[in-house]
Amino acid sequence: MSAAGSNLTTSTVVIERADFPCLLDALKTSRYKVIGPKLANGAVVYDELASAAELPAGWTEEQRPGLYRLNRRPDEALFGYTVGPDSWKKFFHPATAVLWQATKNANGFNVSAPAIQTQRLALLGVRACDLHAISILDSVFAQGTFSDPIWTTLRKNTFVIAVNCVEPGNTCFCTSMKTGPRASFGFDLALTEVVEPDRHYFVVVAGTNRGTALLDKVPHRAARQDENDCAEALLANAVNKMSRKLDTAGLKELLYRNHEHPRWDSVAARCLSCANCTMVCPTCFCTTVDDTSDLSGRQAARVRGWDSCFTLGFSFIHGGSVRASVRARYRQWLTHKFATWLEQFGTFGCVGCGRCITWCPVGIDVTEEIEAIQQTDGIKPRKEVK
Amino acid sequence: MMETKTLEQLLAESDFFRDLDPAYRQMLAGCGRNVVFKPGEYMFQEGEPAHEFHLIRKGKVALQIKVPGRGPVTLQTVQDGDVVGWAWLVPPHKRQYDARALELTRAVAFDGLCIRSKCEQDPKLGYEFFKRFALVMAARLSAMRLQLLDLYANP
Amino acid sequence: MQIRSGSSQNIAMPAPADPMLAQPWCVCRIVRETDDTFTLELKPQNRSGQMNFKPGQFNMLYVFGVGEIPISISGDPTQPRILLHTTREVGAVTRAMRQLKPGDVIGVRGPFGTAWPVDESEGADILIVAGGIGLAPLRPALYRILSRRDLYGRVVLLYGARTPADMLYRRELEGWRARFDLEVYATVDRAMSGWRGNVGVVTTLIPRAPFDPSSAVAFVCGPEVMMRFTVDELLKRGVQPHAIYLSLERNMKCGIGLCGHCQLGPLFVCKDGPVLRYDKLADWLQKWEA
């Protein structure tokens, strides 16, 4: 199914920029609702696209720890940015969902679950890191002892058009997490955008028969060697330009044995436990439930919503919270992403998208925190009397 | 039928004295005598001079403190194989609580004065004794701490 | 006699239908056990209803319009048409439960979680150490063991409660104590005047408990501190770390491993537990605020 880099020469096609809107048209004709990047509230978000004209052509992002700005590009690239505060999880793991409603009756009460509305989404512009994130959440929600019917129902019929990153964001570190910048699986089509002074085109590879079938509806031709070489060069360039790195060798064991490392105190002094990181993270999946009833007491409902392990109440049991300190909660999140997730699901929970670094109001950088622990592995906290 | 053992045999079998040099054990047996307490009988009471310690052979003893308005409050119960009383080792050698038999209790009472003077003369014996008593006190302290935590209380 | 590695007890038993949908059960009666602890006795709404559960498993119990909490099943697994849950009154949901009347309906989701390895421990001596309300999740294991008593060696129950008045299932305890094939030792942290039983923490009962450490399996449940110190005493006596099982509790919103709240390190207490083997748990139990 997936096309590895070396096969590009044999199965890539080129779509000219002028023909790009036909891709969206073809999706719409096939009854897909196209979701893709758009500008809103000063950021690139994922929302329904009425047409290709709504893509943020000519825009890019400046991202740094705690900073996100939109800037104009010198060209009109359609995908000249990386990832904003949105991730694709909101379409399959909604921020709020009614699980069931109940009505009191003579025999007690009657529970009914609302039918989960199926959808037919075409995701346009999925980065490689996000492809991994979606796959990770598939293993959480669809491949465990219990699966989530909301996730599995909403995930069906999803058409995925991946976009290879040719310019890494400043906070990205997908190469370290081995999740990018090249999309290598989980897509129907993958695009690499090439913008040259006199030409603007996309080198496209199909990942599924469905993808090939859609391509037939869009003007395209086989890619030439030089066009493939261009795309490859851009991808290689992206790898080289990635400035943020993380050494993941032995990371699980490192975090396990440094449970009392003084760095946790240092990050706790900065962390606001605002939960931004968990909201923007494409793999964070924790939820809570809210049991409600109306004033008459005859109607009740259970609503599920996104939750964050950064909240004090997250680990509350009678008597108090297990993780009462910010230090413990930050450590829980980081250890989950980079260590315990491996034992639970077989992969890291982090895909190196950099969103948590960008959207942290105080600019905490997970790669920097981990590196600090790596460099002082095993250090014992100084016993100070404060 | 309970076999009659010599004190020395008893000491050899008890956890407290088991690994002691047999010569010391023999000497200690010479400082001990069998005693029996009927249910409800006091082994000793708070404030009394403390010159004995007891090794319980069989029975159950409540360590209590009398609290005005509440009566005798049991802090802890001890039974077969336990050693009771450490005030004989530590000045001012006064009992810090009551020890009351809850059921028929057979014990060995050791002459503390005699042992204390022998420990002064033979520091090695003294060390062996303090080692063992330290263990007993450590275990009691540890258990007391858990009791203090009141873990089963409604939070 | 060989203690099997207990792999089958680690697979959570799937519940019927949509595991997030509450099934209605009727309140039969509410039994006051102590000042602040009560047992909810439930029966199915229709004739064919029942819940096959394994000792150690729990249900998510829902009070209409109030909320839902996890409570261990404390009844007899050989009687699937009577569901018992013993709980303390500690919050809004349990307070609401306490006010329920016979005939009221409660939502039940479950049974969830792993079970005490009663099958895997056949042939072994069984040591059950319960602290406070920890006796409730252990009672189904004891019922199960007593229903096939011949298959086990010595069976010993050590029970620590706050005071004599806080002892759960007092009459049942006295009945168990009277049996010739079961040893029961109880102790309290503090006694009333007139109490002639043991006073002291339950760990003090371990050194003298009559069981063979080399062939024993221990089931432990109670406040986490109590379990930690109990394990220390058990290890001191020579019980193997892989033969000690604890039952943990954590905040749970779903009970099926999807909400993330109940994690302790890599373990989801709702599906990798609540019954967990000590050697798999040891590192995480020692990490403060893990």
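View 1. Of the contacts in chain A (heavy atoms within 4.5 Å) between residues at least 6 apart in sequence, 71% link residues at least 24 apart. The model is predicted, so local features require pLDDT of at least 70 and side-chain atom pairs pLDDT 80 or more, whereas totals for chains, interfaces and linings use all residues. Residues are numbered from 1 along each chain as its sequence is written, and chains are lettered from A in the order in which they are written.

**View 2. Fold and dimensions of chain A.** Chain A contains 13 helices and 16 strands, assigned as DSSP runs (H or I, at least four residues, for helices; E, at least two, for strands). With a radius of gyration of 23 Å, close to the 21 Å given by the globule rule for 386 residues, chain A is as compact as a globular protein of that length; the radius is taken over C-alpha atoms, and the rule is 2.2 Å times the number of residues to the power 0.38. The C-alpha trace spans about 65 × 65 × 35 Å along its principal axes.

**View 3. Burial in chain A.** Of the 386 residues, 55% are buried (under 20% relative accessible area, 1.4 Å probe, protein chains only).

**View 4. An open sheet in chain B.** Four strands, in the order β1-β8-β3-β6, pair in antiparallel fashion; pairing requires at least two DSSP bridges. β1 (32-37) and β6 (83-84) of chain B lie at the edges with a single partner strand each, so one side of each has no neighbour in the sheet. Antiparallel β1(B) and β8(B) (residues 105-111) are joined by 6 bridges, and Val35(B) stands opposite Ala107(B).

Key. Heavy atoms only, no water. Buried < 20%, exposed > 50% of the residue type's maximum accessible area, 1.4 Å probe, protein only.
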